[in-house]
Amino acid sequence: MTFASLGLIDPLLRALDGLDYRTPTPVQAQAIPAVLKGRDVLAAAQTGTGKTAGFALPLLQKLTMEGSQVASNSVRALVLVPTRELAEQLQQSIQQYGQHLPLRSYAVYGGVSINPQMMKLRKGIDLLVATPGRLLDLYRQNAVKFDQLQALVLDEADRMLDLGFSRELDELFTALPRRRQTLLFSATFSDAIRQMAKELLRDPLNIEVSPRNAAATSVKQWLIPVDKKRKSELFLHLYRNKRWDQVLVFVKTRKGVDELEQALLAAGIAADSIHGDKPQPSRLRALQRFKAGEVRVLAATDVAARGLDIDDLPLVVNFDLPIVAEDYVHRIGRTGRAGATGQAVSLVCADEVQLLSAIEVLIRQSLARYEESDFIPDHRVPQTDATGQVLKKPKKPKKPKVVGGKGGLGKWMEADEPSAPPVKAVRKVPSFGGKPKKKP
Ligand code: AMP
């Protein structure tokens with residue numbers, strides 16, 4: 001199958017040629033003809049499936065072929081996204097896809113001054129990407145009007161609800177014309193998402209390109225049990241010994257991100273970070289430096305878990321497991337994109353066993369465990385499986401180890417401390433990693 005056979009016009013085909021997109025991905029093959037025909041779409045598609053082009057290409061085509069010229073302060077198609085980073089990224093993709101078309105696209109999001117955005121909107125925008133909060137601000141200040149709106153896309157709808165945007169969304173929905181085309185993309189489907197889909201979509205085409213709530217199959221996933229306080233040390237050890245090339249590492253808290261970044265910089269590793277406390281320009285700069293390969297390790301909170309598209313990212317590390325199991329799927333979706341293979345390793349401590357169990361239930365598989373010989377935890381991580389069972393009373397090890405003095409004997413003697421059951425999945429850490437280092 002080719003993009004031409006899906007009915008796309010020449011300027012779009014030329015742009016795709018330039019980007020070296022040869023064959024439509026499954027979500028593109030299904031969504032493009034349906035959107036061109038004007039149908040609503042409900043798609044269960046995670047990031048990495050090519051969903052952006054799946055909705056952007058046909059919308060750009062329709063905006064070119066149909067409707068009148070955009071009036072000042074108006075928008076003709078609107079894409080709502082949960083985060084600023086995703087808004088920027090989508091806008092970049094849309095600009096690339098539409099580079100040969102006479103259309104204007106733009107992204108608005110919070111955390112930066114609203115005035116330049118108001119100025120930009122004055123001329124009118126054909127395709128606007130927006131986060132809900134900032135768009136509502138702009139709407140309330142009459143900087144944007146929706147009477148010309150012909151299409152609405154909700155991208156990463158589940159994340160928008162997770163981030164608490166449902167009130168803003170409701171207010172925006174009432175401001176939009178009822179006659180319009182609506183496309184809803186979500187990686188996971190809670191009752192709230194289903195309800196939203198029921199209210200917003202008319203006879204939608206249902207697209208499901210991978211099993212619901214399943215993690216990308218092209219990603220090899222495993223975990224390494226470790227004591228909480230030794231995570232940084234283990235990360236540094238793995239980074240050096242496994243010759244990791246480029247790593248996106250997720251840490252639970254902003255403070256944790258900063259601490260890991262400092263430890264990496266102190267060890268002479270080019271690192272940067274993104275989290276909610278950092279101003280938007282420095283977040284974008286960190287991402288750009290990481291994409292350009294100037295930075296080897298990018299530490300992030302879950303603000304970066306969605307939508308970020310980084311070419312050929314070989315490895316995602318969960319320094320901490322996410323509190324919300326679905327975020328695991330989004331985090332590891334940063335690797336193994338568009339058919340490439342990726343790796344996702346989680347450093348798991350005993351405190352995180354319930355989070356681990358919830359993740360395994362969600363992805364319907366138990367994660368393989370590999371122990372690192374110098375980092376066998378004092379506080380063993382109980383065995384879990386995809387049924388949600390946590391083996392609470394594992395056998396105690398016969399002899400306490402005092403090797404390395406970490407934790408010491410006292411730790412082993414704690415009364416209710418879980419220890420490892422006989423684990424058949426325990427293997428040596430595989431020798432994955434980046435390209436061999438070039439000799440100077
Ligand atoms: P998305 O799921 O939309 O974030 O896309 C994931 C990645 O796949 C992005 O880097 C896209 O540029 C890339 N991509 C999307 N569609 C194709 C295609 N048909 N051929 C090659 N790469 C693609």
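Buried means under 20% relative accessible area, and this cut-off is applied below to residues of a predicted model.

**View 1. Glutamate 372 in the loop between strand S14 and helix H15.** The loop that holds glutamate 372 runs between strand S14 (368-371) and helix H15 (408-412). Because its relative accessibility is 8%, glutamate 372 counts as buried. Valine 226 stands 146 residues from glutamate 372 in sequence, yet the C-alpha atoms of the two residues are 8.4 Å apart in space.

**View 2. Valine 144 and its contacts.** Valine 144 is placed in the loop between helix H6 (132-140) and strand S5 (151-154), and with a relative accessible area of 1% this valine 144 is buried. When neighbours within four places in sequence are left aside, the residues in contact with valine 144 are Asn73, Val75, Leu121, Leu135, Leu138 and Tyr139. For leucine 121, the separation from valine 144 is 23 residues in sequence and 6.8 Å in space, taken from C-alpha to C-alpha.

**View 3. The crossing of helices H3 and H4.** The axes of helix H3 (residues 51-65) and helix H4 (residues 84-97) come within 10 Å and cross at roughly 50°, and H3 and H4 are therefore oblique to each other. The crossing in which H3 passes H4 is right-handed. On the H3 side, the contact is made by Thr52, Ala53, Phe55, Ala56, Leu57 and Leu60, while H4 contributes Leu90, Ser93, Ile94 and Tyr97.

Key
Residues numbered from 1 in each chain as written. Predicted model: local features only at pLDDT ≥ 70, side-chain atom pairs only at ≥ 80, totals over all residues. Heavy atoms only, no water. Axes fitted to C-alpha atoms, helices over the stretch in contact; angles between N-to-C directions. Helix = DSSP H or I, 4+ residues; strand = E, 2+ residues; numbered from the N terminus. Parallel < 35°, antiparallel > 145°, perpendicular 65-115°, else oblique. Left-handed = near helix turned anticlockwise from the far one by under 90°. Contact = heavy atoms within 4.5 Å. Buried < 20%, exposed > 50% of the residue type's maximum accessible area, 1.4 Å probe, protein only.
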